[in-house]
Amino acid sequence: MLESTPFIKTHSLSTESSKAEALSAGLSRRQTLKWMGVVAAGVTLPMLSGCEDVAISAVKMAGHWPDLKLPKITGEGYGQDPNLISPLTSPWPLTMSKKQLHLAAQVCDILYPRDGDTPSASELKVPDLLDEWVSAPYPNNQADRQELLPALVWLDEESGRRFGKSFTDMSKTKQFSIVDDIAYKEAESDPRYLYMANVFDGLRTLVTIAYFASPEGTKDLGYIGNIPIAGDYPGPTPEAIAHLDTILDELGLTEYAYS
Amino acid sequence: MSDLNYDVVVVGSGAGGAMAAYVLANAGKRVLMLEAGRDYDPVKETPMFQTVTDAPLLGAPTPDKDFGYFDATVDGGWSVPGEPFTTAEGTEFKWWRSRMLGGRTNHWGRFSLRFSEHDFKAKSRDGLGADWPFEYAEIAPWYDKTEELVGICGTNTGLDDMPDSAPGVLQPPPKPRVPELLLAAAAKKLGINAAPMHRAVLTRPKDIRSACFYATNCGRGCSIGAAFQTTTSLLPLARATGNLEIITDAMVKSVEIDEQGRAKAVTYIDKTTVVERQIAAPVVVLAASACESARILLNSKSERFPTGLANTSGQVGKNLMDSTGASLSAVIPALKGRPIYNEDGHTANHLYIPWWGHKAHANNELDFPRGYHFEVGGGFQAPGTYYPQSLQGYGSELKQQAKLDYGSGVNLSLRGEMLPNENCYMEVDETVKDKWGIPVVKFHWQWSEHELKQVKHGLETAQAIFREMGADVSASLPAPEDAIKKGGEIIHEVGVTRMGSSPEDSVCNEWGQTWDCENVFVMDGGVFASNPHKNCTLTIMTLAMRNASWLATQLDKGAI
């Protein structure tokens with residue numbers, strides 16, 4: 001069951017070394033076991049048999065996880081021979097409502113607000129990517145849809161429980177007070193936030209990748225590349241080599257330096 | 001070209017088939033090539049410089065494009081539409097196929113390491129698996145010729161796992177980058193050498209191809225021909241002789257024989273009209289990929305060869321081997337916040353770690369029989385492929401962390417030699433046919449203790465290297481059974497039509513000529529007698545060059 005919930009897979013470090021290793025993260029078996037550990041520690045939950053399904057249900061219950069019963073999206077993907085030079089911009093119908101997109105935009109901008117001249121995540125259209133992501137007909141995307149859309153509802157319901165308002169109607173301070181409970185490691189030991197914290201972590205990863213993939217985000221990150229170089233590859237800059245020399249020294253590796 | 005107007009029919013246009021066609025066409029033989037996939041032109045179809053924002057889902061892998069949107073695989077990947085395969089109950093196997101001119105050479109990793117005498121004669125040393133029917137010294141000149149033609153960058157290191165190339169054959173390798181240099185020093189402290197990876201990437205221009213300009217991932221293909229693929233090199237060069245004709249969308253089903261037991265024709269499905277056609281074949285070279293070639297042989301049943309063509313030994317489909325694979329990653333605190341520069345390079349590792357355990361093996365210090373190497377990943381990847389390890393918080397502290405972590409992850413990927421075993425083989429599943437009506441392949445798979453112990457050693461070594469790099473290595477290592485990749489997942493499947501010195505226990509002789517049928521040859525990875533850890537494509541091409549040259553001389557003599 002958990003195989004079906006890998007938040008975002010990105011491609012590869014280098015073709016060969018990771019061609020067979022699409023990176024996956026988020027709700028992994030490791031995390032399930034971690035939940036079971038929390039559950040087994042007896043934090044306000046009934047005795048369990050050690051079954052992963054039961055553990056997950058219990059953690060969802062403790063966290064007031066909304067059960068949305070979302071209908072499955074069935075449709076065609078882009079196929080196994082799509083146009084690589086001019087890809088379709090939207091290969092499948094988008095499905096998020098205005099309300100969902102509005103809430104998603106606020107979450108995106110809590111994660112990556114405008115920073116001087118660098119636009120915020122919503123200004124860089126990250127919510128549109130989320131919509132494309134959860135609307136795609138592929139199994140991983142459909143699994144992520146079953147987590148991400150309930151997460152938006154959870155934020156609204158949690159706002160209601162705490163402040164009697166929906167998430168988007170609250171002040172930034174109040175929004176932060178909720179996000180503070182789900183955005184850090186501490187949530188792993190609190191059954192109220194454990195499940196949402198895992199989903200939030202997956203959402204944060206997806207938003208982070210989308211944010212830095214945009215031209216403005218790429219500039220902000222500082223990536224230099226994807227440009228043709230005439231002649232030989234220049235290798236590390238003098239500054240990078242000086243830094244390497246420093247860390248080799250600090251790690252006691254200077255005498256083993258590659259030559 | 002009419003049916004009677006050519007000398008050799010080559011099945012497949014990938015590494016083996018294209019090299020065979022190139023050699024034969026240049027020797028004046030008229031060659032007809034049948035390719036199961038569609039025509040493909042990297043000059044027009046390669047997404048050079050497109051960023052992930054140009055692709056659906058940021059280019060992420062999907063079941064339609066298993067290695068991501070821009071990967072140069074057409075109508076394939078872990079599945080091919082309408083062309084299933086089956087696996088025995090309780091076993092798992094992954095089979096990467098593509099249906100395009102040039103096959104899997106359009107996207108391969110381009111890692112090109114020579115096998116050595118040590119590799120070719122491993123059974124003589126430890127009694128396991130099979131020896132190859134020739135010496136390294138005999139094949140070394142063919143490696144030189146192949147490396148020269150393909151264009152390999154790298155260095156002669158003198159290390160015992162890396163036989164030297166003849167002087168002047170290798171092109172200069174690109175300079176190593178910071179994570180590789182740090183890793184090399186850490187490994188050296190443990191007595192392990194790093195070395196320049198040998199890759200089929202031009203760093204100097206050659207014939208119709210340009211030198212690498214160090215940008216845009218080779219897995220997308222290479223429109224300038226710097227990263228080797230047959231569609232920008234061997235195939236256009238062979239076509240230029242006027243002696244090669246290619247029919248695409250031709251899915252070969254079987255080889256037909258005459259009363260004397262010689263091949264007389266090839267049967268294929270013309271996929272565009274879905275009509276079965278038969279074409280006369282004076283000589284057949286199978287290079288459809290190891291398991292497809294074995295499938296064709298097994299599906300070529302006759303009264304004379306009731307268990308399939310060239311299968312008197314019963315070895316067709318047996319001895320299926322992949323490389324072992326496992327991977328370990330670490331965040332290196334010392335690499336956080338380091339000065340950013342262009343680390344694209346030739347888009348794969350500039351340094352790798354060749355197998356260093358030859359002496360330890362000789363001294364019986366290791367509990368597994370065969371070696372492995374490590375490929376190194378990391379660096380300032382293009383955004384969209386950059387994957388933050390573990391993020392906390394939100395807002396400016398989140399962004400600060402993401403930027404600080406950028407370029408601090410390092411990955412070691414193990415690629416090791418597996419031994420053939422009786423539980424790893426393929427056969428034809430008579431109960432399932434593909435959409436062309438051809439019975440499909442059924443796989444059987446089980447790793448042995450040899451591979452699991454090797455992976456355990458590799459994980460511990462990788463952890464030790466990361467420790468020297470200052471990483472937190474307190475997390476316990478995964479069990480080898482969990483860490484090892486699935487059979488087939490490394491896409492080095494070979495051995496199912498192996499060559500040998502006796503018709504009793506092999507399918508082909510040292511020339512790739514089947515023992516049963518003198519005018520049927522196999523020139524893909526199926527002929528491998530063993531599967532050294534060094535990536536199979538360079539040796540597939542080298543054997544195809546050598547054996548097609550031999551075939552040409554036999555045709556000249558009228559001996560076949």
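This is a predicted model: local features need pLDDT of at least 70, side-chain atom pairs count only at pLDDT 80 or more; totals for chains, interfaces and linings use all residues.
**View 1. Chain A, taken as a whole.** Start with the fold before zooming in. Chain A has 10 helices and 2 strands. If you walk along its sequence, the elements come up in the order β-α-β-α-α-α-α-α-α-α-α-α. Chain A has 259 residues, and 52% of them are buried. Among contacts in chain A with a separation of 6 or more, 61% are between residues 24 or more positions apart.

**View 2. Helix α5 of chain A, tucked inside.** To find them, look for V126(A), P127(A), L129(A), L130(A), D131(A), E132(A), W133(A), V134(A) and S135(A). The buried set includes D131(A) and E132(A) as well as W133(A).

**View 3. Where chain B meets chain A.** How many residues are in contact here? On the chain B side there are 113, and they touch 88 residues of chain A. Together the two chains bury about 8400 Å², with 62% of that on carbon and sulfur atoms. Polar contacts join 30 residue pairs between chain B and chain A, counting pairs with both residues at pLDDT 80 or more. Several elements of chain B give two or more residues to the side that touches chain A, among them α2 (42–45), β10 (324–331) and α10 (396–405). Helix α6(B) gives the most, with 8 residues. Sorted by class, this side of chain B has 55 nonpolar, 34 polar and 24 charged residues.

**View 4. A salt bridge across the interface.** Zoom in on D220(A) and K403(B), whose side chains meet in a salt bridge with N and O 2.9 Å apart. Across the interface of chain B and chain A, 5 salt bridges are found.

View 5. Over all chains, the salt bridges number 42. The one to look at here pairs K486(B) with E92(B), with their closest N and O atoms 3.9 Å apart. K486(B) sits in the loop between α12 (480–483) and β16 (520–522), while E92(B) sits in the loop between β3 and α3, so the pair ties together parts that are 394 residues apart in sequence. Are these two buried or partly exposed? K486(B) is partly exposed, at 35% relative accessibility. E92(B) is partly exposed too, with a relative accessible area of 48%.

**View 6. A one-turn pair on helix α11 of chain B.** K456(B) and E460(B) form a salt bridge, and their closest N and O atoms are 3.0 Å apart. Both residues belong to helix α11 (residues 449–468), and because they are 4 residues apart, about one helical turn separates them. K456(B) is partly exposed at 44% relative accessible area, and E460(B) is partly exposed at 39%.

**View 7. A buried pair and a salt-bridge network in chain B.** The side chains of E343(B) and R338(B) meet in a salt bridge, 2.8 Å from N to O. Both of these residues are buried. Elsewhere in the chain, look for E83(B), R99(B), E292(B), R295(B) and D434(B), which are linked in a network of salt bridges.

**View 8. S116(B) and its contacts.** Find S116(B) in the loop between β3 (86–87) and α3 (117–120) of chain B. S116(B) has a relative accessible area of 5%, so it counts as buried. Which residues does S116(B) contact, leaving aside neighbours within four places in sequence? They are Y136(B), P163(B) and K534(B).

View 9. A disulfide is a covalent bond between the sulfur atoms of two cysteines. Over all chains, the count of disulfides is 0. C517(B) is in no disulfide, and the nearest cysteine sulfur, in C508(B), is 11 Å away.

Terms used
Residues are numbered from 1 along each chain as its sequence is written. Chains are lettered from A and ligands numbered from 1 in the order in which they are written. Side-chain values use heavy atoms; hydrogens and water are left out. Buried means under 20% relative accessible area, exposed over 50%, partly exposed in between (1.4 Å probe, protein chains only). A disulfide is a pair of cysteine sulfur atoms within 2.5 Å. Contact means heavy atoms within 4.5 Å. Buried area is the accessible area (1.4 Å probe) that two parts lose on being put together, summed over both. A salt bridge is a side-chain nitrogen of Lys or Arg within 4 Å of a carboxyl oxygen of Asp or Glu. A polar contact is a pair of N or O atoms within 3.5 Å; within protein, one must be able to donate a hydrogen and the other to accept it, and residues adjacent in sequence count only if both atoms are side-chain atoms. Ala, Val, Leu, Ile, Met, Phe, Trp, Tyr, Cys and Pro count as nonpolar, Asp, Glu, Lys and Arg as charged, and the others, Gly among them, as polar.
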